[in-house]
Amino acid sequence: MKQELTALESSFNQLLETLLIKKLEHEEFTLKLSSEQSQFTRFNHAKVRQTGCVADGSIELTLMAEQRSSSRQFPFTGNWEKDWQKAHQALQELRDEITILPIDPYLVLPSGNNTSREVHHSNVLAQDDVVSSILAEVAALDFTGIYAGGIVIKAYGDSSGQKHWFATDTFTLDYSLFISSGKAVKGTFAGSNWDVASYAAKINEAKKQLNLLSHPAKELPRGQYKTYFAPAAVADLLQMLSWGAVSEADIQQGNSALAALSRKEKQLSAKFSLKENFQLGLVPRFNELGEMAAPELAIIENGVLVNSLVNSRTAKEYQKDANGANRSETLRTPEISPGNLKFEQILSNLDTGLYVSNLHYLNWSDRPTGRITGMTRYACFWVEKGEIVAPIENLRFDESLYRFWGENLVDFTNFQEFIPEVDTYENRKLGGSLVPGMLVNDFTYTL
Amino acid sequence: MWSELTKAIASFHIPADWIGIRVVRETAANRYVRDGIPQANGKSTTEGAMIEVLVNGCLGYAATNSLQLESLESAAEIAYKQALAASKWLIYPFKETERPKVVGEYNSPFLEPLDALSPGEINDLLVRMCRTLKVHDKIVQTTASINTSERESWFVSSNGSEVYQKFISLGTNYGAIAQDGAIVQQRTNNGWQAHCYQGGWEVLKQENLWQRVQQVGEQALELLTAEECPNTCTNLVLAPDQMMLQIHESVGHPLEIDRILGDERNYAGGSFVTTEDFGQLIYGSPLMNITFDPTVPGEYASYAFDDTGAVATREYVIKEGVLQRGLGSLESQARAGVPGVACARACSWNRPAIDRMANLNLEPGNASFAEIIGDIEHGVYMESNRSWSIDDRRYKFQFGCEYAKLIENGKLTKTLRNPNYRATTPEFWRSLIKIGNQDSWQMYGTPYCGKGEPNQAIWVGHGSPVCVFANVEVFGGGS
């Protein structure tokens, strides 16, 4: 594998160097690589539903000239002859196209001198061992989910001489354990080293929760309930901030749920603080222009929006300071600060209400007011006088973030959990979010 | 391509019971303008091979973006090892009959080829759209985009299959955001990315294109001063552009047999439908007739064969309100023992095929739009989806629309903003009391139906007439 990695890096470097030679004086370019060699094994009923491996890679070449730009994406295989043929064709097409496009007044040219190289080696399961290693532990359970593991590479180069290489070897196991009633416990196991004992401990922990689910489910009427959200549920709510909220462009263009916070018409609880924390080291710090984000960037401090995510293009358009945000100004490595609620106090402080482990299918029901709808899912329980009484039938919620992260926020837990990113649309994503659990008053459930 | 792939299969040194290769080559262009300024001009080409191998009843796969013979050979060996390692743990012993021999070809119909307009001309169109959308200073954002795609696929197998399919498609999207202080309203052309079709530039050139662009801008502005949708239970009239989402979420997904079998429980979820329900579940009112129809010319997910080689035909999924068959591939049909359709599809060469809904259409009834509105004493008419959420069994849902009108005494009266509704799936479809005729039937599509582990976003098409549902909970926005 090391040899293959070296070959890919050499091929990428050769592509970059050749483009630098071919570049005309008035032209600038960026070159981005996304590559992976992944195994995906899908399980259902503790059996294999689908299993296979994917070797994929693509290059995006963006050409800029005369205040215009266009891009071409093409396969990257590591075979120099084939890859250069495609790159050369792309360059020619871009030169033909670019002159007939409209002028882009906010075009940002690459200009920095950043370079970086990170290669994280690991000890993930051998391809042939994945199935038996995972299923032997859960053979007697209704286990379902997916193992995704292997090498992911993100690289960047440009005409100003910036160059970044980030390669990491990781895995995620995203699974659910069901009982016959249809109730389930969800779990994730992720990292760069497969540790047999840790995996067994995770499954044993889930088995204990399964016992709690076997009680008859309680059907609750719609209404407002005090609710504890476990870290995985908090991570789901947090993800909404990447969809029309923390982006400066969205704020400027009337498209942000945090516009009222930005205008200081509303505020959140002083207990709520959010930052981007690249010190976790799980995702590349460079963006689509080769710019490096700061190791940490505060976004919301004690309920006040102190920074939105601003990329260089938005900064140019709205006369703001860029802070290394990506093209879509989304959170890449978010962390919500812990609070004071101790693990052993969760149920007693909740007293009577809902314990929500996971959420499902979130969407803005009214974005300008920060209102989010979605469903409870997996191990969610009704709690009375500090004791778990019964699992619940899933409930729909519809509630504003200005309430649950504002006046109704009781506290965050004093511990955080890392919730790994398990998204595999187009390619396997990296990183995740570091979040605590949270206790909220009067959360609104509607159906 | 045929000879290369056939040669490749012949050269593989693996003792497999069946081998298939599916090659996909796709070039997609995305051009996007905001407020008259270009934001994206790009083309992406993807090309690769998915090799599947059947060993001892277990399918293994390996996908590679290199089509050189040695890469295909190497992938075949990986696929073989994957199948072998999993064969002791297989969920169902698949047979070669689930991958029948098939030979044929499909080509999307089109009139004007995708290269009929230059990138400059396309950008000029998009800039003009933004200018036309900007009907007032309170329009704070205008956007317009055009996506085109030319996708070819070749499927060959060790039992003699040879299928070639070529898909030409075009999607357009434009919209405006209006703002007055804290009030923000968005209006798009029938909902985000709803205009997706197979075909060439003729898809864009509708007679009333520029009037429609201006109307979208005007309606965004109109929503700023509109009343909030009332909180009440009433007659709900849904336009075809919202019915698209309704059919997709509350009929399409719950009828996918792989969901019913539990494959999706860890990600997208299961279903409230069981295998025993087929042939007897009263899903909706007798007015409800839903077809799986990959044969509609120009609909976004039309095709002649699915990605495992099953021949695609039009089938009733729900007839007169009764559930007839599921949306399940030959593999799922074998596992579940219920009738399905040709719907094993993959988003590209780098993902294995799974059960997908393709085109799913609600068949028209007899009522004209005027008759439908004229018969309603009180109700709300909603257009264009803006929010969607449904539980993992596809039972409890809540959807929001961009634009609505109050219906009073048989007439559309005041414009309403922030219209939402919620219900449960069977209760909702059983409350279908009137269905529009062919004149009100409209066809839309979306490229972003998400499902599967590993994840896949795929294209689907939906056609529907206008529909009336009785006694539905509707409500407005927050404050």
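How many residues of domain 1 of chain A are in contact with how many residues of domain 2 of chain A? The contact, counted wherever heavy atoms lie within 4.5 Å, joins 44 residues of domain 1 of chain A to 30 residues of domain 2 of chain A.

## Basis of the description

This is a predicted model, in which local features need pLDDT of at least 70 and side-chain atom pairs count only at pLDDT 80 or more, while totals for chains, interfaces and linings use all residues. Residues are numbered from 1 along each chain as its sequence is written, chains are lettered from A in the order in which they are written, and side-chain values use heavy atoms, with hydrogens and water left out.

## The two domains of chain A

Chain A is divided into domain 1 (2–208) and domain 2 (223–445), with bounds that come from an automatic or database domain assignment. Taken over C-alpha atoms, the centres of these two domains of chain A are separated by 25 Å.

Between them an area of about 2700 Å² is buried, 59% of it given by carbon and sulfur atoms; buried area here is the accessible area (1.4 Å probe) that two parts lose on being put together, summed over both. On the side of domain 1 of chain A, the most area is lost by Tyr106(A), Val108(A) and Lys183(A), together 21% of what that side buries. Three salt bridges cross this domain interface, each requiring a side-chain nitrogen of Lys or Arg within 4 Å of a carboxyl oxygen of Asp or Glu.

## The interface of chains A and B

Between the chains, 89 residues of chain B are in contact with 91 residues of chain A, and the buried area is about 7000 Å², of which carbon and sulfur atoms give 46%. Trp89(B), Arg265(B) and Asn266(B) supply 12% of the area that chain B buries against chain A, more than any other three residues.

Eleven salt bridges are counted between chain B and chain A. In a salt bridge with an N to O distance of 2.7 Å, the side chain of Glu317(A) meets that of Arg34(B).
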